[in-house]
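Me: Could you walk me through how to read a few features of a structure like this one? I would like the general idea, then the case at hand.

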Amino acid sequence: MVQETRLSVDNLIMPLFVCEGTGVKSPVGSMPGVNRFSVDLLVEECRQLEQLGIRSVLLFGIPDVKGDHVGYDDNGIVQRAVRAIKATIGKLFVITDVCNCEYSEHGHCGIVVSGDVDNDLSLELLSKQALSHANAGSDMIAPSDMMDGRIGVIRKVLDTNGFSNIPVMSYAAKYASAFYGPFRDAADCAPQFGDRKTYQMNPANVREALREVELDISEGADVVMVKPALSYLDVIHQVKQNFNVPVAAYNVSGEYSMIKAAAANGWINENSVMMEMLLSIKRAGADMIITYFAAQAAALLTKGER
Ligand code: PBG
């Protein structure tokens, strides 16, 4: 009766990696329990997630052949995955990641010109990618690239092409974090030179996060995200306090793998630590949580554990 915060499966979004081929389910070494799926098995996985009560997934595409144009190919890996999921499990809400790092040779989130990411040149590429996701049937576009001005450009391209009803979930306060390490293995997207510190945020800053969020909302973001979650609960809290839009938090790969590794060693109780972590992210102010633990947590929540 007196419990202030409750987790629900409705709050959870499951990230999924989709790769080329058929019958492929290949484990990600640095993320026990996480796999890359080819489209056919991805659909199977989604069916199981739906049976667990999960209502939303976030797709990351891992193409075989990389290049700056690959992400906006209407027949690209994510585009085909969205069509396949929507055709078989229409009710599942499919969010698609928009970024260039998984698709390009250089592994940076925008376009690289003379050894540096060119913010403004990247906007066109990102908006093309967003449009091709919407054309494929994506329910929500989630740009994770952190280029300045991309929310406005994406909003405009969606609106002018008949997709004014498709919301944009902005990775608004995305920090340059070492907690992304395992993901870069999974998505094969580590930058081939330099780092992401010119476009992702300094972990020391919170006022800057509020400014980033404010800008993205003014450009038309429907949901704003803080990422990572666990070391940034104060940022989640402040964003929630200061703005009247839904807040998402990304419980990132490193946060997942730390718990898996410690549990595998018998040092912590995996399920208890997982639920405590997810609850703390919600308590801080997240309306929705993107987490690789979504299925595992959903299984416990439907059994009545909280
Ligand atoms: C790419 C992207 C990253 C993550 C989501 N989208 C990696 C990065 O920015 O380096 C990280 C997710 C995770 O660690 O779980 N733009």
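Reply: Gladly, and let us start with the ligand. A residue is near a molecule if one of its heavy atoms lies within 4 Å of it. Of the 17 residues around the ligand here, the nearest are Lys174, Arg184, Lys227, Ser253 and Tyr292. Please keep in mind that this is a predicted model, where local features need pLDDT of at least 70 and side-chain atom pairs count only at pLDDT 80 or more, while totals for chains, interfaces and linings use all residues. Residues are numbered from 1 along each chain as its sequence is written, and side-chain values use heavy atoms, with hydrogens and water left out.

Me: Which polar side-chain atoms lie by an oxygen atom of the ligand?

Reply: A polar contact is a pair of N or O atoms within 3.5 Å; within protein, one must be able to donate a hydrogen and the other to accept it, and residues adjacent in sequence count only if both atoms are side-chain atoms. Arginine 184 places a polar side-chain atom 2.6 Å from a ligand oxygen, and glutamine 200 has one at 2.9 Å from an oxygen of the ligand. For a ligand nitrogen, an N or O atom in the side chain of serine 144 is 3.0 Å away. The ligand has 400 Å² of accessible area on its own, and the protein covers 100% of this. Such areas come from the Shrake-Rupley method with a 1.4 Å probe; for residues, only the protein chains shown count as cover.

Me: How many residues does helix H8 have, and how many of them are buried?

Reply: Helices are DSSP runs of H or I with at least four residues, strands are runs of E with at least two, and both are numbered from the N terminus. The expected span of a helix is 1.5 Å times one less than its number of residues. H8 (residues 253-264) has 12 residues and reaches 16 Å from first to last C-alpha, close to the 16 Å expected. Buried means under 20% relative accessible area, exposed over 50%, and partly exposed in between (1.4 Å probe, protein chains only). Nine of the 12 residues of H8 are buried, among them Ser253, Tyr256 and Ile259. Contact means heavy atoms within 4.5 Å, and the cover over the buried residues of H8 includes H5 (181-186), S11 (247-251), H9 (270-284) and H10 (294-302). Just after H8, glycine 266 has a positive phi of about 75°.

Me: What caps the N-terminal end of H9?

Reply: Asparagine 269 does, with a side-chain oxygen 3.3 Å from the backbone nitrogen of asparagine 271. H9 has 15 residues and spans 21 Å, close to the 21 Å expected. Its buried residues include Met274, Leu278 and Ile281, and H7 (233-242), S12 (288-291) and H8 are among the elements covering the buried residues of H9.

Me: Why does serine 132 count as buried?

Reply: Because its relative accessibility is 3%. Serine 132 belongs to helix H3 (residues 119-136), and its side chain makes a polar contact of 2.6 Å with the side chain of glutamine 79.

Me: In which sense do strands S4 and S5 pair?

Reply: Two strands pair if DSSP finds at least two bridges between them. S4 (residues 56-62) and S5 pair in the parallel sense over four bridges, and phenylalanine 93 in S5 is the bridge partner of serine 56. S5 (residues 93-98) is largely enclosed by the rest of the structure, because five of its six residues are buried.
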